[in-house]
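Please read them with the coordinates open.

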Amino acid sequence: KQWYQRRVRVYKSGGVGGAVTPHKDSTFLHTGGTPLVGFWIPIDDAREDNGCLWFIPGSHKEPATLFMNRNEKGTACEFVGQKNANFEDDGSYVSAPAKAGSLVLIHGDVVHKSFPNTSEDPRNAFTFHCYEGKGATWAETNWNLPTEKGTFVHLFEQ
C-alpha cells in the first residue's frame with residue numbers, strides 16, 4: 001500500500017476571516033473512489049464565534065457528485081456535476097468546536113463548512129489530506145496535479 005498527502009495552512013484572522021461554503025473535500029481532491037481523509041488541526045481554539053467547522057452527520061454515505069476540474073486548456077478551474085441535495089440544509093449541520101492542537105478527522109465525502117470569524121481572535125488551522133495510492137486514479141482533470149519534480153509526498157509504502 002502507498003499513502004500520499006497534500007497539506008495546507010488555513011488562515012482565518014479575527015474579524016475578517018470569511019466563511020467557507022459547504023463542500024466535500026473529495027470535490028476538490030478526487031482519487032477515483034479511493035477513500036480520502038482530512039486531518040484538521042486547529043492552531044487556535046476553534047469556536048462558533050471564530051469559525052469552527054460545522055458538519056452534516058452521516059453525509060459521508062453519499063459520494064460526491066460535484067468536482068472541481070481543470071478546464072480543457074489547463075488555465076482555470078470549473079465545477080462539473082451538481083451539489084449533493086443536503087448541502088443547503090442548514091438544520092442538519094452540527095458545530096464541532098475544537099481546542100488548539102486537537103485533531104479532527106474528516107471523511108472525504110462528509111459535507112462541512114465554516115462561518116465567518118466574527119470574533120477578534122484568530123482561528124488558524126493546519127490541514128492535510130491522505131489517500132491510499134494503490135488503486136487510486138488521480139484524474140488528469142484534478143486541479144492539483146503533481147509537478148515535474150515528482151508526485152505528492154509519500155507517507156509510507158508497504
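1. Nonpolar core. The model is a predicted one, and its largest nonpolar core holds 15 residues. Those with the most contacts inside this core are Trp 40, Leu 53, Phe 55, Tyr 93, Val 104, Ile 106 and Val 111. Two strands, S4 (53-55) and S8 (104-107), each supply at least two residues of the core. The largest share comes from S4, with 3 residues.

2. The sheet around S4. An open sheet is formed by 4 strands in the order S2-S9-S4-S7, with antiparallel pairing. Its edge strands are S2 (20-23) and S7 (94-96), each of which pairs on one side only. From one strand to the next, the twist averages 25 degrees. S4 and S9 run antiparallel and are joined by 3 bridges.

3. Leu 53. Which residue of S9 is the bridge partner of Leu 53? The partner is Ser 114. Leu 53 is also listed among the core residues with the most contacts inside the core. Apart from neighbours within four places in sequence, Leu 53 is in contact with Trp 40, Val 94, Ser 95, Ala 96, Val 104, Ile 106, Lys 113 and Ser 114.

4. Asn 117. This residue lies in the loop between strand S9 (112-114) and strand S10 (125-132). Is Asn 117 buried or exposed? Its relative accessible area is 2%, under the 20% cut-off, so Asn 117 counts as buried. A polar atom of the Asn 117 side chain lies 2.7 Å from the backbone oxygen of Asp 121.

5. Surroundings of Asn 117. With neighbours within four places in sequence left aside, Asn 117 is in contact with Lys 12, Ser 13, Gly 14, Gly 15, Val 16 and Gly 17, among others. The list of contacts also includes Asp 49, Asn 50 and Gly 51, as well as Pro 122 and Arg 123.

6. Cysteines. How many disulfides does a search of the whole structure find? The search finds 0. A disulfide is a covalent bond between the sulfur atoms of two cysteines. Cys 130 has a relative accessibility of 4% and therefore counts as buried, the cut-off being under 20%.

Technical notes: Residues are numbered from 1 along each chain as its sequence is written. This is a predicted model: local features need pLDDT of at least 70, side-chain atom pairs count only at pLDDT 80 or more; totals for chains, interfaces and linings use all residues. Side-chain values use heavy atoms; hydrogens and water are left out. A nonpolar core is a set of buried Ala, Val, Leu, Ile, Met, Phe, Trp, Tyr and Cys residues joined through side-chain atoms within 4.5 Å. Buried means under 20% relative accessible area, exposed over 50%, partly exposed in between (1.4 Å probe, protein chains only). Contact means heavy atoms within 4.5 Å. A polar contact is a pair of N or O atoms within 3.5 Å; within protein, one must be able to donate a hydrogen and the other to accept it, and residues adjacent in sequence count only if both atoms are side-chain atoms. A disulfide is a pair of cysteine sulfur atoms within 2.5 Å. Two strands pair if DSSP finds at least two bridges between them. Axes are lines fitted to C-alpha atoms, for helices over the stretch in contact, and angles run from 0 to 180 degrees between N-to-C directions.
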